[in-house]
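Hi,

Here is the structure I promised to pass on.

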Amino acid sequence: MAAIKDSGSISVEDGVATVRGWVQDIRNMGGISFLTLRDRHGTIQITMPKKKVDPDLFGLLTKLPRETAVSITGDVKASNQTSLGLEIIPTSAEVYSEAGVPLPMGVIDKVNVEMDTRLNNRFMDLRKPEIRAIFELKSMMVGLIEEAVRKNGFVQVYTPKISAAGAEGGAELFQVQYFDRPAYLAQSPQLYKQILMSTGLDRIFEIAPAFRAERSNTNRHVTEFISFDGEMSWIENEEEVMAMIEEIIDYVLTGLKERGRKQLEAIGKDISVPARPYPVLTYSECLKIANEGGLGLKDGDDLGTEGEKIVGDAMAAKGIDLYFIAEYPEEAKPFYIMEKDGTPYSFSFDLDYRGQEISSGGQREHRYDRLVARMEKKGLNPEDFSFYLDAFRYGMPPHGGWGIGIERLLVKMLDLPNIREAILFPRDPSRLSP
Ligand code: ATP
Ligand code: MG
């Protein structure tokens with residue numbers, strides 16, 4: 001039986017090792033040559049004293065183009081010249097796939113490559129350990145999110161991504177051809193999450209793509225992102241939902257700081273875990289802060305990118321990274337949010353992370369008549385939503401939930417400059433490939 005080996009890694013037997021990886025660099029120094037081989041764990045030095053290595057093998061290895069995929073077998077020698085404390089004197093090699101020349105972009109060269117070039121050649125960009133580390137952290141982050149919600153009794157669900165109607169309706173929907181009729185890509189699982197609240201699946205979560213046909217060319221919008229959605233029933237108020245999000249985020253930050261130590265080191269970042277509870281500001285307080293900071297917003301206006309940033313700066317001055325903004329005007333929120341009766345506000349909130357929204361949530365309107373009235377107020381035709389409204393006609397518990405863009409969370413956590421850094425193959429108004 002073949003030994004189980006880690007992908008591309010080392011296997012050693014009686015002082016003979018076989019290593020598989022990419023040729024990162026070759027230095028020819030006359031009587032001796034060095035080849036640096038890289039795999040996902042790091043690099044190892046192949047040392048080739050001309051007199052000790054078979055001439056054919058020497059000729060082959062010293063002429064390999066950078067980034068060629070190879071397997072090299074040789075004697076392991078202790079060495080105080082290398083970071084691993086060992087080197088390999090090769091005795092045989094197999095070239096799996098020779099790299100073309102020149103490379104579309106460098107892997108170790110210390111020159112700044114534009115993001116477009118990097119994204120066009122993402123397979124090569126990802127060979128950089130500090131880039132790959134972001135996606136290893138993203139994977140860990142999703143694992144931690146799942147642990148946190150499962151601990152709280154949430155059931156994972158999958159809702160359709162092709163639908164006859166959108167959650168918020170309108171302009172942000174991508175239309176697709178569904179046989180002989182139009183359909184839309186899901187901008188959020190909102191309506192399905194809510195339907196499920198009428199079933200006894202009291203706490204559900206989904207981690208899945210969401211599509212937004214927004215022509216925004218910003219560092220925080222893409223047209224396809226991964227949304228982590230949760231919905232819980234039998235709640236008394238939206239504060240229960242906020243408490244749940246706080247617990248989940250705290251679990252993720254704490255866990256990633258611990259489990260992702262190696263990857264965080266590779267990208268030169270640390271994660272700070274904010275104290276709990278996260279402060280709750282009201283929308284009105286934020287409006288005041290934004291206007292004191294120079295904006296001229298009226299009651300009911302969206303805080304906008306600028307407003308969010310000014311509030312973020314004010315919070316940062318107090319050493320606060322994560323905070324809720326609650327009680328948005330009902331007018332600014334979708335039909336499914338519950339109004340705060342007798343006020344122009346609603347039981348809704350955002351979670352902001354250093355001046356940027358990462359989540360929206362709230363208590364939902366579970367009363368059929370009120371829900372229909374809200375739809376009409378927003379100019380929607382309830383008949384278009386009968387598949388959703390039916391679930392409210394036969395006993396719908398009070399419920400609430402949230403949507404979190406996981407790339408926004410990751411980007412803020414790691415202090416990355418652009419959401420595209422946290423997506424392998426980003427989609428935006430001008431990018432549809434690779
Ligand atoms: P924004 O105002 O920042 O554009 P939004 O309020 O339109 O966001 P929601 O509909 O509240 O977004 O979606 C819930 C969450 O999904 C957001 O808080 C964000 O984390 C994420 N999200 C929304 N749109 C995008 C997008 N285009 N790209 C990446 N993430 C997004
Ligand atoms: Mg929002």
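Predicted model: local features only at pLDDT ≥ 70, side-chain atom pairs only at ≥ 80, totals over all residues.

Now for the overall layout. The chain splits into domain 1, covering 2-97, and domain 2, covering 123-422. Going by C-alpha atoms, the centres of the two domains are 48 Å apart.

Then there is the eight-stranded sheet. This one is also open, but the pairing is mixed, and the order reads β7-β11-β12-β17-β16-β15-β14-β13. At the edges sit β7 (155-156) and β13 (280-282), each pairing on one side only. Helix α6 (residues 238-259) packs on this sheet and touches β11 (203-211), β12 (224-233), β13, β14 (322-326), β15, β16 and β17 (399-405). The direction of α6 makes about 35 degrees with that of β17. Another helix, α9 (residues 304-317), lies across β13, β14, β15 and β16 and runs at about 130 degrees to β14.

Within that sheet, have a look at β15 (residues 348-353) and β16 (residues 356-363), which pair in the antiparallel sense over six bridges. D350 stands opposite S360 in β16.

S360 turns up again at the metal. The magnesium ion (ligand 2) has E357 (OE) and S360 (OG) as its protein donors, at 2.2 to 2.3 Å. Are those two residues buried, exposed or partly exposed? E357 is partly exposed, because its relative accessible area is 21% and the cut-off for buried is under 20%. S360 is partly exposed as well, with a relative accessible area of 26%.

Last, the nonpolar core. The largest one has 48 residues, and the members that touch the most others are M141, F228, I249 and W402. Which helix gives the largest share of this core? That is α4 (residues 129-151), with eleven residues. As a general point, nonpolar side chains in soluble globular proteins tend to be buried together.

Happy to go through any of this with you.

Cheers

Technical notes. Residues numbered from 1 in each chain as written. Chains lettered and ligands numbered in written order. Heavy atoms only, no water. Domains from an automatic or database assignment. Core = buried A, V, L, I, M, F, W, Y, C linked by side-chain atoms within 4.5 Å. Buried < 20%, exposed > 50% of the residue type's maximum accessible area, 1.4 Å probe, protein only. Helix = DSSP H or I, 4+ residues; strand = E, 2+ residues; numbered from the N terminus. Donors = N, O, S within 2.8 Å, 3.2 Å for Na, K, Ca; no water. Pairing = 2+ DSSP bridges. Contact = heavy atoms within 4.5 Å. Axes fitted to C-alpha atoms, helices over the stretch in contact; angles between N-to-C directions.
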